[in-house]
Amino acid sequence: MNQPIQDHAVSRRIERGFFQRDPLTCSRELIGCTLAWKHCAGIIVETEAYSTINDEASHTFVRPSARAFVAKHRPGAAYVYFNYGVHWMLNVLVKGGSEDGFVLFRAIEPTRGLHLMTRRRFPESAPAIRPIQALCSGPGKLAAALGVDSRDHGRDLCRGGSIGFFLPEQPASVVADVRIGISKAAHLPWRFLAAGSPFVSVKPRPAVS
DNA sequence: ACACGGATACTA
DNA sequence: AGTATCCGTGTC
């Protein structure tokens, strides 16, 4: 259990240049990649894109502090914030392409550190059979399972070590859908999911034909 | 359907 | 200071 990242995976580590592109491209291409976070890891199965350009749902639209964050950090920096007084949200800054913005991580398929993630998510519970599909099936769940909090705000996710992103053996099949849980600019199809994955927060609505 | 709960950025 | 808003989850 808790095996370190394999050598072949290390060679597939995503470098900073990956995040020097626009939010939509990064959000789409991160689907199927592995997010490694210390002793835990999972396959990214759901993301959302937020842009600093004409996106009312982005923090940068109304928060000077978010705009300052974009200005001060390099692409690949973690943007972490507390929402609804309850949950931490993990984003990564993308910067230097046609548009700057963020990718919000909404769900991963857990692959490593399952016991640790389960303990973090259900600290008071006795060991019980939990549906693994629901362990990281939402941005708040994901951050809680990985132990993400304010200390990770601004962290460089491209420095190597036990935290980082890794390309899959082969590209995933990706589906696009509208973003979830937002009150503004909710019609934009900027949510990306691994096709058919049971580990997502909300299944995509069927495509209209 | 609803309670839970804090950071941020307003108004004054 | 007080108020409005917010990219959610679990339980009712």
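The model is predicted: local features need pLDDT of at least 70, side-chain atom pairs count only at pLDDT 80 or more, and totals for chains, interfaces and linings use all residues. Residues are numbered from 1 along each chain as its sequence is written, chains are lettered from A and ligands numbered from 1 in the order in which they are written, and side-chain values use heavy atoms, with hydrogens and water left out.

## DNA strand C

A residue is near a molecule or strand if one of its heavy atoms lies within 4 Å of it. DNA strand C is surrounded by 23 residues. The closest are Ala-57, Tyr-81, Arg-106, Arg-121 and Gly-181.

| Residue | Protein atom | DNA atom | Distance |
|---|---|---|---|
| Asn-83 | polar side-chain atom | base oxygen, DNA strand C | 3.4 Å |
| His-87 | polar side-chain atom | sugar or linking oxygen, DNA strand C | 2.9 Å |
| Lys-141 | backbone N or O atom | phosphate oxygen, DNA strand C | 3.3 Å |
| Pro-64 | polar backbone atom | phosphate oxygen, DNA strand B | 3.4 Å |
| Ser-65 | side-chain N or O atom | phosphate oxygen, DNA strand B | 2.7 Å |
| Tyr-84 | backbone N or O atom | base nitrogen, DNA strand B | 3.1 Å |

Helices (H or I, at least four residues) and strands (E, at least two) are DSSP runs, numbered from the N terminus. Strand S3 (78–83), strand S4 (87–94), strand S5 (101–112) and helix H6 (139–146) each give two or more residues to the surface near DNA strand C.

## DNA strand B

Val-62, Arg-63, Pro-64, Ser-65, Phe-82, Tyr-84, Gly-85 and Val-86 surround DNA strand B.

Buried means under 20% relative accessible area, exposed over 50%, and partly exposed in between (1.4 Å probe, protein chains only). H6 is mostly covered, with six of its eight residues buried. These are Pro-139, Gly-140, Leu-142, Ala-143, Ala-145 and Leu-146. Their cover includes S1, strand S2 (40–51), S4, S5 and helix H5 (114–121). After H6 comes Gly-147, with a positive phi near 80°.

Asp-152 sits in the loop between H6 and strand S6 (163–166). Asp-152 counts as buried because its relative accessibility is 2%. The Asp-152 side chain makes a polar contact of 2.9 Å with the side chain of Arg-155. Contact means heavy atoms within 4.5 Å. Leaving out residues up to four places away in sequence, Asp-152 touches Trp-37, Ala-78, Val-80 and Gly-147.

## Strands S1 and S6

Two strands pair if DSSP finds at least two bridges between them. S1 and S6 run antiparallel and are joined by four bridges. Ala-36 stands opposite Gly-164 in S6. In a regular strand the side chains alternate between the two faces of the sheet. In S6, Ile-163 and Phe-165 point one way, Gly-164 and Phe-166 the other, and all are buried.

Thr-34 lies in S1 (residues 34–37). Beyond residues up to four places away in sequence, Thr-34 touches Ala-41, Gly-42, Ile-43, Gly-164, Phe-165 and Phe-166.

## Aromatic pairs

Rings of Phe, Tyr and Trp (its six-membered ring) pair if their centres lie within 6.5 Å; planes under 30 degrees apart count as stacked, over 60 as edge-to-face and the rest as tilted. The count comes to eight aromatic pairs. Phe-69 and Tyr-79 are edge-to-face, at 5.0 Å centre to centre and 70° between the planes. Phe-69 lies in helix H4 (residues 64–72) and Tyr-79 in strand S3, so this pair ties together parts 10 residues apart in sequence. Phe-69 and Tyr-79 are buried.

Phe-105 and Phe-165 have ring centres 5.6 Å apart and planes at 25°, so the pair is stacked. Phe-105 is in strand S5 and Phe-165 in strand S6, so the pair ties together parts 60 residues apart in sequence. Both Phe-105 and Phe-165 are buried. Phe-18, Phe-19, Phe-105 and Phe-165 form one aromatic cluster.

Technical notes. Polar contact = N/O pair within 3.5 Å; in protein donor to acceptor, adjacent residues only side chain to side chain.
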